[in-house]
Amino acid sequence: MKQLNKTDVAVVGGGIMGLAFALEAIRRQKKVTVFERNPSARGASVRNFGMIYPLGMRPGKIFERALRTRNLWLELGQSAKFWFNPCGSLLVARSKEEIVVLEEFVSSRQDIKGLRLLTLKEALKKSPGLVQDGLLGALWSESEICVDPQDAIQKISLWLENCGVNFKNSTTVTVVESGQLIANGEQWYAEQIIICSGSDLQTLFPNEFRNSGLVNCQLQMFRTNAQPCSWLLGPMLASGLSLLHYPAFTALKSYQTLKDRLTKEHPKLLELGIHVLVSQHSHGRITVGDSHEYGDTPAIFYQKEIEGLIRNYLSSFLTLPDAQVSERWLGNYVSHPSGEPWIYKPTDGVMLVNGIGGVGMTTGFGLAQEILPEC
Ligand SMILES: Cc1cc2nc3c(=O)[nH]c(=O)nc-3n(C[C@H](O)[C@H](O)[C@H](O)COP(=O)(O)OP(=O)(O)OC[C@H]3O[C@@H](n4cnc5c(N)ncnc54)[C@H](O)[C@@H]3O)c2cc1C
């Protein structure tokens with residue numbers, strides 16, 4: 001007689017959010033099964049910068065969540081043996097208005113360890129590729145960690161498997177009800193079902209997703225050749241436009257003056273949601289992005305014009321020994337207008353977790369810790 005497929009916790013989606021819930025559930029001694037419709041995760045979790053970036057998070061609950069997530073990344077890096085670099089970050093300032101925002105930020109955030117406004121000389125020492133001409137200073141933060149997302153997701157999955165998590169890859173979940181689901185046509189029974197389907201809002205609970213207010217966002221990214229002679233970027237980099245992008249800075253008194261200036265100077269970049277972040281992984285290549293296109297019908301093709309605008313802005317603050325682009329890609333994430341993740345329980349024992357937006361790597365583990373007990 002065929003045995004029933006049974007698990008305590010079923011997780012739909014093998015991206016960072018699915019893995020975060022699998023980790024939390026296995027720590028609580030649950031029997032866990034992760035269903036991933038591709039042979040391995042292929043969504044936003046393997047297309048990002050790998051920036052664990054507490055600095056940009058809204059102060060309070062989300063910042064605390066990011067710090068807890070950061071500490072978990074460090075622990076996991078040791079146990080799952082993926083590459084990680086606790087290199088910190090620099091946010092470079094090239095106008096008086098940017099410096100004023102950074103000064104106000106530093107004086108208002110005593111809670112951030114090792115936060116400091118660096119002089120031009122100090123900034124160049126940490127990041128020798130910075131363009132000196134026009135550089136006024138930079139915000140140094142020591143909390144940020146860089147991971148290579150493809151390497152990290154693969155190794156965390158393998159490590160979880162060794163810890164007892166059952167991975168059902170190439171397996172699509174098509175029906176979920178209280179206590180049961182159907183995956184590749186097979187019936188499974190589970191006490192708790194957690195759905196972390198990323199930007200797939202159509203396969204499961206499409207009506208709930210349609211009414212959720214969640215918005216799709218498409219981003220454009222590229223990566224350069226490996227830099228010659230083991231050239232190192234140093235800390236991960238952000239720049240003036242990032243001050244408008246991240247909620248950490250929005251409530252500062254000096255924010256509006258900066259916004260007015262950047263809106264006048266860079267209308268096209270702001271229209272396309274461009275702000276420029278830079279990271280470097282173990283292979284030496286430099287990942288650069290990104291743009292943000294919101295809505296259900298984003299461009300089908302990668303757009304050269306956007307790449308040109310990003311490269312142009314990048315060259316205003318960073319010179320790379322080899323800036324030739326070797327890879328280009330698009331990625332999608334889903335966010336909620338509230339700026340908070342969207343958590344919804346359509347029926348007993350079933351939870352939809354989505355809308356983590358552009359910060360799933362930065363806050364995902366902490367979020368799973370907070371909400372697993374509720375389900
Ligand atoms: C270009 C880009 C850059 C980013 N940079 C950063 C960054 O540097 N730092 C940061 O913190 N965040 C970053 N983000 C955001 C971060 O990547 C996302 O928040 C996060 O990856 C979302 O994870 P997820 O698990 O919810 O979704 P996904 O990674 O999309 O995973 C969802 C998975 O579910 C699977 N799935 C869906 N439906 C089913 C089904 N019915 N059955 C089985 N499997 C299913 C999919 O195949 C997919 O693998 C970036 C995002 C993008 C796109």
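Serine 239 touches Leu91, Val92, Val276, Tyr313 and Phe317, not counting residues up to four places away in sequence. Contact here means heavy atoms within 4.5 Å. The model is predicted: local features need pLDDT of at least 70, side-chain atom pairs count only at pLDDT 80 or more, and totals for chains, interfaces and linings use all residues. Residues are numbered from 1 along each chain as its sequence is written, and side-chain values use heavy atoms, with hydrogens and water left out.

**Serine 239**

Serine 239 sits in the loop between strand S14 (236–238) and helix H7 (240–245). Helices (H or I, at least four residues) and strands (E, at least two) are DSSP runs, numbered from the N terminus. The relative accessible area of serine 239 is 1%, so this residue is buried. Buried means under 20% relative accessible area, exposed means over 50%, and partly exposed is in between (1.4 Å probe, protein chains only). Phenylalanine 317 is 78 residues away along the chain, yet the two C-alpha atoms are separated by 8.0 Å.

**H1 with H5**

Helix H1 (residues 16–27) packs on H5 at an angle of about 25 degrees. Their axes are 11 Å apart. Axes are lines fitted to C-alpha atoms, for helices over the stretch in contact, and angles run from 0 to 180 degrees between N-to-C directions. H1 is therefore roughly parallel to H5. Angles under 35 degrees count as roughly parallel, over 145 as roughly antiparallel, 65 to 115 as roughly perpendicular and the rest as oblique. On the H1 side, Ile16, Leu19, Ala22, Leu23 and Ile26 take part; they meet Ile153, Ile156, Ser157, Trp159 and Leu160 in H5. By class, the contact of H1 with H5 has nine nonpolar residues, one polar and no charged. Ala, Val, Leu, Ile, Met, Phe, Trp, Tyr, Cys and Pro count as nonpolar, Asp, Glu, Lys and Arg as charged, and the others, Gly among them, as polar.

Serine 157 belongs to helix H5 (residues 149–162). At 17% relative accessibility, serine 157 counts as buried. Its side chain reaches the backbone oxygen of isoleucine 153 at 2.7 Å. Leaving aside neighbours within four places in sequence, serine 157 is in contact with Leu19 and Phe167.

**H3 with H8**

Helix H3 (residues 96–108) and helix H8 (residues 255–265) have axes that come within 9 Å and cross at roughly 155 degrees. H3 and H8 are therefore roughly antiparallel to each other. Lys96, Glu97, Glu98 and Val101 in H3 meet Tyr255, Thr257, Leu258, Arg261 and Leu262 in H8. The contact of H3 with H8 divides into four nonpolar, one polar and four charged residues.

**Backbone in the loops**

A cis peptide bond joins glycine 289 to aspartate 290, with omega near -5 degrees. Aspartate 290 lies in the loop between strand S16 (285–289) and strand S17 (293–294).

Methods. Polar contact = N/O pair within 3.5 Å; in protein donor to acceptor, adjacent residues only side chain to side chain.
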